[in-house]
Amino acid sequence: MRSSRLSRIVLLLSLLLLVVPRSNGIVTAGHEDMPPHGIVCTENPTATFTLTTQEGTISLPDGNRVYMWGFSEGGDPFQHPGPTLCVTEGDTVTIVLNNTLSHDVSIIFPGQEGVLADGVPSEPVFDVGGNLTSFAPVAAANGGAVTYSFVAAKPGTYLYESGTEPGIQVNMGLFGALVVRPAAHPNWAYNEIVASGAVTYTTEFAPDEEFVLIFSEIDPVLHMAVEQGLPYDMNNFTPRYWNINGRSFPDTIAPNGAEWLPEQPYGSLIHINPYDVDTHPYPALIRILSVGSESFPHHPHGNHSRIIARDGSVLIDTDQSDLSYERFTVNLGPGQTVDEMFAWTDVENWHPIDNPIPVVIPQLQNLTFGTFYSGSPYLGQTDLLPVGHQALNSCGEYYHIAHNHALQQITAWGVVLSGHITFTRIDPPLPNNCQ
Amino acid sequence: MEKTTAVVGTWHGPLGIAMNRLALALGLLVILSGGLFAGWRLFGPQPKWVPGTMPVSPEIEEKFGVRFTFLAVTADGGMVELRYRVIDEGKAANFGHYSETAPLVISEDDGKIIDVTIMGLHNHRVEPARTYYVLYRNTEGAIKSGRPATIAVGDLSLKHVVSW
């Protein structure tokens, strides 16, 4: 009897051994240095940065690669766009420009006053014939350097970009974002307390829902000419690619630091949680900038956004009254910046059982299903989809497309559904099972 | 009542070996094998799944006129992106438009499948050497970065693709 019991134990143990889990052999994708979404700030306590010009190439979703120039922090390798510099109101910002390119390069800081270059006012440069050669003193080609400095006096969202041959050099990639945070309220976009009727409010935002979107365009013929040292007539400027944060859709929704985009570290997926008065009371802050040559009508689907500032100036009247406004399309002019706030709010508290939407949802065969529909109109819910259609999405989350409404600009050299497109992803309220 | 005691004899099998001892011996053999197997699984050479690994399938290229080039988990894990380059625009014109030509992505860890219903217009113009993409919802996180997957299209498949 004992040996029979022992035999059963041995058999059981041996069966258990057969299901020992295998170690997975994962080689991690290496995204650990950056949050998967949202702003990636380059910052330091002294607000001193070294921007080095680099050349490199970027990847585009139609399989092409394009030669670019870019600003990188210190000795970092080429990246596009330049690092997002985050400073605090009142900081004396110092930027050392080291130029490795074979062209003179400078940096201008639209919206900043009293900018110095090597200690003297940064002013336009003219040649001996009186022709404008640069909007700011240059770092000479092949190793020159210049140091710019200014006091970041006003909170807001700003560009920094090349002031030399800007038509060419900005298109080549010499630009980045500068974020100035209020000294007393780093989680506010601006210092002002806005009066809207009898109500006052601030521009406080959810700190983990802050996003930067830089809209740009690329004429690959220009880039090829620069790479090969050939002349280029700006009258022939014809963009073929349109990028957000240096990426064209669907790369735009890939995470920050995606390993397959080593030169293009910044994603533009707007990933948020729904408004909740107790657990998630503040909206997302989306800082939008353009270095394009024409207006980009950026159109986030699903809900209006509230435009709270343009070009680093909060939309407030002299009596502190509210001048912000809601828009479903943000018309973004060349060189402009716009700050918008957005919160997805379940206003009616729809619920499939407790508070169903008072619309009879047609039968499955009478519906057309969007690619990202979970089968249920309720956030966080999933339901049946037709046979042959995917059964669930990740966790009942919503995806709202956000795209340039000049539809020729949501292409990649003629391939549709690329270019200026990103998504807003709204997860079910926390806790959820999203992966 | 007369008390009786049952005497249980030991059944010797056809080989004359007590069955309980035979079971014990077999069990020990299995546990030894299992231990060796488990040790191999735990400590033996492991496949290094390198993100971005994309094998090539001449059969798929011949039949469908496309070469898969890229698989990545994107949108913070909510979507999966698959790219392919057009090798033969004639064969690729209807790629993805029928169940027989629509690529599925299957996790090699647990067999979870993601698929897509619509991939544009039939007979749409595709250009040779251009790259096109397909977005999938990542059903329940089926596809994971750094883990192997199989791309299946029609009766052909491409195994050991490792997602970014």
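What volume does the largest cavity have? In this predicted model, the answer comes to about 110 Å³. Around the largest cavity there are 15 lining residues, and those closest to its centre are A:Gly38, A:Val212, A:Asn245, A:Tyr266 and A:Gly267. Strand E15 of chain A, covering residues 210–218, gives the most to this lining, with three residues. Sorted by class, the lining of the largest cavity has eight nonpolar and seven polar residues, and no charged ones turn up.

The lining of the second largest pocket does include charged residues, four of them, next to 15 nonpolar and seven polar ones.

How much trust does the predictor put in chain A? Its mean pLDDT is 89, and 89% of the residues of chain A reach 70 or more. One stretch of chain A, residues 10–31, falls below 50. Even so, that stretch has 50 contacts in the model beyond near neighbours in sequence.

On to the strands. As a bit of background, strands of a sheet pair through backbone hydrogen bonds, either parallel or antiparallel. Both kinds of pairing involve strand E5 of chain A. With strand E2 of chain A (residues 48–59), strand E5 (residues 92–98) runs parallel, and five bridges join the two. A:Leu51 has A:Leu97 in E5(A) as its bridge partner. With strand E10 of chain A (residues 145–151), E5(A) runs antiparallel, this time over seven bridges. Here A:Ile95 finds its bridge partner, A:Tyr148, in E10(A).

Chain B brings an open sheet of three strands, in the order E1-E2-E5 and with antiparallel pairing. Which strands stand at the edges of this sheet? They are E1 (66–74) and E5 (131–137) of chain B; each has a single partner strand, so one side of each is left without a neighbour in the sheet. From one strand to the next, the twist averages 20 degrees. Eight bridges hold the antiparallel pair made by E1(B) and strand E2 of chain B, residues 79–86. In that pair, B:Val66 has B:Val86 in E2(B) as its bridge partner.

Key
Residues are numbered from 1 along each chain as its sequence is written. Chains are lettered from A and ligands numbered from 1 in the order in which they are written. This is a predicted model: local features need pLDDT of at least 70, side-chain atom pairs count only at pLDDT 80 or more; totals for chains, interfaces and linings use all residues. Side-chain values use heavy atoms; hydrogens and water are left out. pLDDT is the predictor's confidence in each residue, from 0 to 100. Contact means heavy atoms within 4.5 Å. Two strands pair if DSSP finds at least two bridges between them. Helices (H or I, at least four residues) and strands (E, at least two) are DSSP runs, numbered from the N terminus. Ala, Val, Leu, Ile, Met, Phe, Trp, Tyr, Cys and Pro count as nonpolar, Asp, Glu, Lys and Arg as charged, and the others, Gly among them, as polar. Axes are lines fitted to C-alpha atoms, for helices over the stretch in contact, and angles run from 0 to 180 degrees between N-to-C directions. On a 1 Å grid over the protein atoms alone, a cavity is a set of points where a 1.4 Å probe fits but cannot get out, and a pocket is an open set with protein on both sides within 12 Å along at least five of seven lines; lining residues have an atom within 4 Å of a point. Grid points are joined across faces, edges and corners, and a volume is the space filled by probe spheres set on the points.
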